[in-house]
Amino acid sequence: ARLVVELMSTTTSMTPHAARLMTHARPSSSRIASPSPSTPKTSAKTTMCALDKRRHRSRGTLAVSSASSSSGAIGDVAGNPYEQTSSAANERQALFNDIAPVYDRLNDQLSLGLHRAWKRCAVKWCGATIGARALDVCCGSGDVAIKLSDAVGATGAVVGLDFAANQLKYAGEKEASRRVELGEYAESRMAPIEWIEGDALALPFEDDSFDCATIAYGLRNVSDIPLALRELRRVVRPGAKVAVLDFNNPTDATTASVQGFVLDNIVVPFADLNGVAAEYRYLRPSIERFPRGQEQVDLARDAGFSQAEFYELQPGGLMGCLVATK
């Protein structure tokens, strides 16, 4: 409860600079690296998790004991079978199409604007530089892709891919508004953005096509997490980084309790006021079956990345970011 009060009191009047400072990473109990807010450490800690787990490289998945899940029903970090079938993926596609009109407003209100700072971390940690070609998978309404466009500049290029056509429609409109806002400076400051409707599990790009990539709040929703990581690795160039931003599935019981309380008693009721409660009710179970930090590190290594690190983002470690290097 104190965490919720502190979050609300410190973020309502926060400047963008202060928001950036709040996204410093903190180490968790599973030997996860802790970087500065600007750049992650290059020496990845990719040792086995402290919990009793068995790696299965041949199948590209990480089997875990039920002790690592609050539900006790997870047998594979790729998710519960009933949540990760192709029919479930189709339901998720319909869900994100449905919530597109209120998606941005709810994100702003429910995170008190902090989602913007978390996304800036992902853009910085993926190594987006001037002139780069960047990819944002599961781009949703375009927040991260537009930030990537600013980061790589007019000499770069950005592709935003999502499976929800309605989200892409709003993304295009948001990009257009951003260009109007910049006026005559838009052409010299923003990279062109190509919006593509596509599948994160079968990216429609050649091998080694991008200098960096991001996926924000998307890996948790795919039907095959190991395959999605392999696809991300395939399309980026050797040495490139991929940043995966999402809700953290915390190992700390107190953090997990606070997160569950916020989701059940704030997020879902607030979404209900906007007529989309059913669409947001899936959040908690999807987080609980999502791989934890060290599990994500191991999955990234199994997918072929040479280095992988996971960072818990403040406040409270409620969000996490995996940074993997090809």
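In this predicted model, the largest nonpolar core comprises 40 residues. Within this core, L148, V158 and L245 have the most contacts. Several elements give two or more residues to it: helices α4 (114-125), α5, α9 (253-273) and α11 (283-288), together with strands β7 (210-216), β8 (236-247), β9 (307-313) and β10 (319-325). Another core lies apart from the largest one. In soluble globular proteins, nonpolar side chains tend to be buried together.

The surroundings of L148 were examined beyond its neighbours within four places in sequence. L148 is in contact with V123, C126, A128, A134, L135, D136, V158 and T214. One of these partners, V158, is also among the residues with the most contacts inside the largest core.

Helix α5 spans residues 143-152 and packs against helix α6, residues 165-182. Two packed helices are described by the angle between their axes and the distance between the axes. For α5 and α6, the angle is about 35° and the axes are 10 Å apart. The crossing is right-handed. On the α5 side, D143, I146, S149 and D150 take part. They meet A171, K174, E175, R178 and R179 of α6. By class, this contact has two nonpolar, one polar and six charged residues.

S188 is found in helix α7, residues 186-189. Its side chain reaches the backbone oxygen of Y185 at 3.0 Å.

Helix α8 covers residues 225-235. At its start, a side-chain oxygen of D224 comes to within 3.1 Å of the backbone nitrogen of L227. Buried positions in α8 are I225, P226, A228, L229, E231, L232 and V235. An α-helix has 3.6 residues a turn, so residues three or four places apart point the same way.

The buried set of α8 includes a glutamate, E231. E231 has a relative accessible area of 12%. Buried means under 20%, so E231 counts as buried. Leaving out residues up to four places away in sequence, E231 touches A200, L201, A202 and L203.

Conventions
Residues are numbered from 1 along each chain as its sequence is written. This is a predicted model: local features need pLDDT of at least 70, side-chain atom pairs count only at pLDDT 80 or more; totals for chains, interfaces and linings use all residues. Side-chain values use heavy atoms; hydrogens and water are left out. Helices (H or I, at least four residues) and strands (E, at least two) are DSSP runs, numbered from the N terminus. Buried means under 20% relative accessible area, exposed over 50%, partly exposed in between (1.4 Å probe, protein chains only). Contact means heavy atoms within 4.5 Å. A polar contact is a pair of N or O atoms within 3.5 Å; within protein, one must be able to donate a hydrogen and the other to accept it, and residues adjacent in sequence count only if both atoms are side-chain atoms. Axes are lines fitted to C-alpha atoms, for helices over the stretch in contact, and angles run from 0 to 180 degrees between N-to-C directions. A crossing is left-handed if the near helix is turned anticlockwise from the far one by less than a right angle, and right-handed if clockwise. Ala, Val, Leu, Ile, Met, Phe, Trp, Tyr, Cys and Pro count as nonpolar, Asp, Glu, Lys and Arg as charged, and the others, Gly among them, as polar. A nonpolar core is a set of buried Ala, Val, Leu, Ile, Met, Phe, Trp, Tyr and Cys residues joined through side-chain atoms within 4.5 Å.
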